[in-house]
Amino acid sequence: MNSTERNDVASGFGHIAVAYAMGKTTSSEFHTSRFWWLTVACCLLPDVDVIGLVLGIPYEHMMGHRGFSHSLIFAVMVGLLVPRLAVPHLPFRSRSFGVLVLYFSCVTMSHGILDAMTDGGLGIAFFAPFDSTRYFFPWRPLIVSPIGLFEFFSAWGMGVLWSELLWIGMPVTFWLIGLKVMRRVRGLPG
Ligand SMILES: [Zn+2]
């Protein structure tokens, strides 16, 4: 079985780690449990397209795996909808609302960006629905994750964890430490 035949998804751990670092970068005024639950939901949401595989939508189809739900347009759509759920009474025209639109768009988009750095499957349809071309980044250090739980606890799964620890876990840890130091120096919370 080659890498385009296995119905791969990126490991949830890497997506959540990056989203967590993004969340910590925002002001602590946003940090409610609802904010964090929505952050996790948004960073994993693009992989709902695996349902399409069950329904018979081909991987390479615009609505297939790593298709429209991994695109920039989808991320912006999610970013526009989610702030209402995160902070229901926030005025639409407020600065905080704008920050949250940008934040949830970026968190959703981070999924496709990480997937484009994996070594298997098809690329990401970043510009769907206008262009169905699949893209990868030239640098792809992340090992693509198996879809099944059984396969995850295998040598392949361990390789995935190792590559994510190295290329996601380490930069995220350095980022969070840097953030903490910077905030302490400035006398800010969090
Ligand atoms: Zn994905």
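Let's start with the core. The largest nonpolar core has 30 residues. Cys-42, Val-78, Val-82, Phe-104 and Val-107 touch the most other members. Keep in mind that this is a predicted model.

Where do the core residues come from? The largest share is from helix 5, with 6 residues.

Take Cys-42. Leaving aside residues up to four places away in sequence, Cys-42 touches Val-78, Val-82, Phe-104, Val-107 and Thr-108.

Now step back to the whole chain. There are 7 helices and 0 strands. Along the sequence, the pattern reads α-α-α-α-α-α-α. The chain has 190 residues, and 32% of them count as buried. Now take the contacts with a separation of 6 or more. Of these, 65% join residues 24 or more positions apart.

Helix 1 covers residues 12-25, and helix 5 covers residues 95-115. Their axes are 10 Å apart, and the packing angle is about 140 degrees. Roughly antiparallel would need an angle over 145. The two helices are therefore oblique to each other. The crossing of helix 1 past helix 5 is right-handed.

Which residues meet there? From helix 1, we have Gly-14, His-15, Val-18, Ala-19 and Met-22. From helix 5, we have Cys-106, Val-107, Ser-110, His-111 and Leu-114. By class, this contact has 6 nonpolar and 4 polar residues, and no charged ones. Note Val-107. It meets helix 1 here, and it is also among the core members with the most contacts to other members.

Two backbone points before I stop. Most residues other than glycine have a negative phi, and most peptide bonds are trans. Here are two departures.

First up, Arg-66. Its phi is positive, about 65 degrees, and it is not a glycine. Arg-66 sits in the loop between helix 3 (50-55) and helix 4. Is Arg-66 buried or exposed? It has 30 C-beta neighbours inside 10 Å, so Arg-66 counts as buried. The cut-off for buried is 20 or more.

Then there is Pro-129. The peptide bond from Ala-128 to Pro-129 is cis, and omega is near 5 degrees. Pro-129 is in the loop between helix 5 and helix 6 (149-152).

Definitions and conventions: Residues are numbered from 1 along each chain as its sequence is written. This is a predicted model: local features need pLDDT of at least 70, side-chain atom pairs count only at pLDDT 80 or more; totals for chains, interfaces and linings use all residues. Axes are lines fitted to C-alpha atoms, for helices over the stretch in contact, and angles run from 0 to 180 degrees between N-to-C directions. Helices (H or I, at least four residues) and strands (E, at least two) are DSSP runs, numbered from the N terminus. Angles under 35 degrees count as roughly parallel, over 145 as roughly antiparallel, 65 to 115 as roughly perpendicular and the rest as oblique. A crossing is left-handed if the near helix is turned anticlockwise from the far one by less than a right angle, and right-handed if clockwise. Two residues are in contact if their C-beta atoms, placed from the backbone, lie within 7 Å. Ala, Val, Leu, Ile, Met, Phe, Trp, Tyr, Cys and Pro count as nonpolar, Asp, Glu, Lys and Arg as charged, and the others, Gly among them, as polar. A nonpolar core is a set of buried Ala, Val, Leu, Ile, Met, Phe, Trp, Tyr and Cys residues joined through C-beta atoms within 7 Å. A residue is buried if 20 or more other C-beta atoms lie within 10 Å of its own, exposed if 12 or fewer, and partly exposed in between; C-beta atoms are placed from the backbone.
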